[in-house]
Amino acid sequence: MTPYYTATSRIEINRAQDKVTNVEGVKNDDVGQNLEFYQTQYSLLEARSLAARVVRKQGLASEEWFFDLFGVDPDNSGLIASDTNKTGSAERIRRQNLAVKILLDHVGISPIRGSSLIDVSFSSANPEFSSEIVNTWVAEFIESNLDRRFDSTADARKFLEERLAQLRQSLEESERKLVLYADNKEIVTLSSKQDSFGRTISNQTLASTNLEALNAALAKATEERIAAESEIQSTGTDKNALSNLALHGIREQRALVAAEYAKLLVQFEPEYPAAKALKSQITDLDASIAREDARSRSGTAARFREAMKREKELKTRVELLKGQFSGERRDSIQYNIYQREVDTNRQLYDGLLQRYKEIGVAGVGSNNISVVDRALAPEKPSSPNVILNLLFGILSGSLFALAYVFISEQIDQSVKDPSELKNKLGIAVLGSIPDLNKEDVIASLQDKKSQAWEAYLSIRTSLSFLTDHGVPRSFLMTSTRPNEGKSTSAFALSSVLASAGKRVLLIDGDMRNPSLHKMLGIENAVGLSNYLSGSSDMKSLIQKTAVENFNAMTAGPIPPNAAELLSGDRMSSMIELLGKEFDHIIVDAPPVLGLADIPLLSNSVEGVIYTVEANGVKMKGIAAGLQRVRDSKAHVFGAIVTKVGTQQSGYGYGYDYQYSYGTKAEA
C-alpha cells in the first residue's frame with residue numbers, strides 16, 4: 001500500500017454572529033440555535049460544490065501529476081461529462097468531475113464532541129500537497145459561506161423587486177377600479193379615515209351630508225308649523241300680542257284714558273263734554289287695539305301657511321334624497337369591496353417595500369467561521385497500519401467464511417442425510433447407495449463382494465419386510481426428476497433378486513425416454529408400447545438377459561402420446577398375467593413431476609419405491625412428488641437414497657432426459 005499523509009486544520013464555527021446593523025435579515029434569528037445548524041455545516045464542508053471550488057482554485061483538473069498522485073488514469077476513469085453537447089469542453093468537464101471525486105474521497109470532517117470546533121483533514125501521498133489542500137479547503141469554505149449569505153440576500157431582493165412590481169400594478173389597477181366605480185355611481189366621499197388595521201372607513205359622503213342638512217331643516221320647519229298651528233287654535237291671549245310693542249303701547253294708553261274717564265264720572269255726568277271726549281278717545285283706542293290684534297292674528301295664519309308649505313317641500317326633497325341615499329348604500333357594498341382590495345394591496349405593497357429597504361442593509365455582519373489551527377505538512381504517514389489491516393483481514397475473512405457456510409446451509413434444502421426423509425417427509429428409508437458412476441454399478445454387480453452389491457442386497461432385505469409375502473410381487477420405481485439413479489437401482493434390484501433364484505422381469509415403463517436397452521445392450525425394436533397399443537403376443541416382447549432368471553421388457557417404439565396408452569386397463573391386465581409367470585415384476589417408471597404417467601402406472605402394481613438423490617432435489621420438490629404419488633391412491637413402500645457420501649451433482653453417465661418425440665426422439 002502507498003503511504004498516505006494526513007494534514008488537519010481546526011476551525012471554529014459560532015452559532016451566533018455579530019451584527020453591524022439592527023435590521024432583521026433574511027434568515028430567522030434562532031436558526032443558529034437549532035441542532036440542525038451544525039449538521040448543516042458538516043454537510044456543507046463535504047459538499048461537492050466546495051470541492052469544485054478547490055479544484056478550480058488549484059487548477060487540479062489540468063494537472064497530470066495530480067491524477068498520478070492518486071493512481072488514477074483520467075482517460076479511463078469511466079466518468080461521463082455532465083454536458084456532452086459542448087464538445088470543446090466535454091473533456092475538461094470530465095476531468096474536473098474526476099478531480100472533484102478524488103478530493104471528496106480523501107477529505108475527512110471530524111467534529112470535536114461537545115464543542116464548536118471541527119477538524120478538516122485530507123490524505124494524499126504528498127504531505128505538502130495534503131496541507132495545501134486542507135488550507136485551501138478551509139479558505140474556500142469561509143468564502144463560500146460569505147457568498148451564500150450574499151446570494152441569499154440578492155435572491156430575496158430580486159424576489160421582492162418582482163413582487164413589488166406586481167403589487168404596484170395591482171394597487172394601481174385596484175385604485176383605478178375604485179375611482180371609476182365611484183364616478184359611475186356618483187359616490188362623493190367628503191371625509192374618510194383609517195383604523196388601526198389599516199382599513200379605510202368613509203365617514204361622510206355628499207348624499208349623507210345633504211340628507212342630514214335637509215332632515216335638520218325639515219325638523220325646524222315642522223317645529224315652526226306646529227307652533228303657528230298652536231297659536232291659531234289657542235282661544236286665550238294671542239302670544240304674538242304679548243310681544244307686539246305697538247299693541248302694548250295702545251293698551252297702556254287706553255288704560256290711562258279709561259282711568260281718567262272713570263275719575264271724571266265720579267264728579268260729572270257722562271254727558272259732560274270732557275267725559276264725552278274721553279269716552280270717544282277710549283272708543284278710538286279700542287278700535288286701534290282691535291285692528292292691531294286682527295293684524296297680529298292674520299300674521300300668525302300667514303306664518304302657519306308658510307311653515308306648512310316649507311315643510312311639504314322639505315319632505316319631498318328628503319324623500320327624494322333618501323331614495324338616492326338608499327341606492328348609494330347598495331352601491332357602497334361593491335365600493336367597499338374595491339376599497340378593501342385597495343387597502344390590502346396598499347398594505348402588502350408598503351410592507352414589502354419596507355422589507356426591501358431593510359434587506360438592503362441587512363446581512364452585513366462579521367464572519368462566524370474562524371481558523372484555529374492551520375494545516376501543517378505531516379511528518380509521518382497516517383496509513384497503512386499493517387497490524388490493523390492484518391487483524392481486519394483475519395476478522396473479515398472469518399466472518400465471510402462463517403456467513404458463507406451459514407447461508408449455504410440455509411439455502412441448500414436437499415437431502416444430505418437419509419434420516420432426513422423420515423424426519424421431514426415421513427417416508428421410510430429402505431437403504432442408501434454410495435455415489436458411483438453408472439458403469440461402475442453395472443460392473444460392480446458382477447462381483448458379489450462389491451460395495452454396490454452389498455448396498456442393494458441390504459435394500460432387498462428391507463424389501464422382504466414390506467408385505468406379508470416378503471418382497472412385493474410387483475412394484476415400480478420412480479423419482480422426482482431424471483438422473484437420480486432410478487433406472488440403475490431398478491436394474492440392480494432385478495439382478496440381486498435374480499441371484500436369489502427368483503424369476504424377475506424388469507419392464508422399462510419410461511416410453512418417453514427409454515434406457516433399459518442401453519444398459520443391457522439389447523435392441524429396442526419391440527416392447528411395452530407394442531403391447532399397450534394392441535399386440536397380443538406378450539411373450540415375444542420379453543427378452544432374456546445374460547443374468548440367469550433376469551428377463552427384461554424394453555419400452556419399445558416411442559409412441560406419440562404415452563399417457564393415452566397407459567390410460568387403459570391393458571397395463572394392469574399385463575401385470576396380472578405376468579405375475580403368474582414371474583416372482584417379481586419391477587417397472588422402471590418415468591419421473592413424477594411434469595408427467596401424467598405415474599398416476600396411471602401406480603395402480604397396476606402393489607406399491608411404489610421412491611428414489612431420491614442425495615444433495616440433489618430440494619425437500620420441497622420431493623414432498624411435491626410424493627404428494628402426487630399419494631394423490632393417485634398408490635402405496636409408497638419407502639425410499640432409496642442414491643449418490644450418498646459425495647458432493648457431485650450427477651453420475652456422469654448421460655441421462656439426458658427428452659420429453660419430445662417424433663423424428664428428434666427417434667434420432
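This is a predicted model: local features need pLDDT of at least 70, side-chain atom pairs count only at pLDDT 80 or more; totals for chains, interfaces and linings use all residues.
Residues are numbered from 1 along each chain as its sequence is written, and side-chain values use heavy atoms, with hydrogens and water left out.

Switch to a cartoon, where the secondary structure comes to 21 helices and 14 strands (DSSP runs numbered from the N terminus, helices being H or I of at least four residues and strands E of at least two). Of the 667 residues in the chain, 40% are buried (under 20% relative accessible area, with exposed over 50% and partly exposed in between, for a 1.4 Å probe and protein chains only).

Next, select residues 451-463, which form helix 13; its 13 residues reach 19 Å from first C-alpha to last, close to the 18 Å expected at 1.5 Å a residue (1.5 Å times one less than the number of residues). Show the side chains of Ala452, Trp453, Ala455, Tyr456, Ile459 and Leu463, which are buried. Looking down the axis of helix 13, you will find its buried residues within an arc of 165°, so they line one face of the helix (the arc is that of the directions from the helix axis to the C-beta atoms).

Move on to helix 14, residues 486-499, whose end C-alpha atoms are 20 Å apart, in agreement with the 20 Å that its 14 residues should span. Helix 14 is mostly covered, with 13 of its 14 residues buried.
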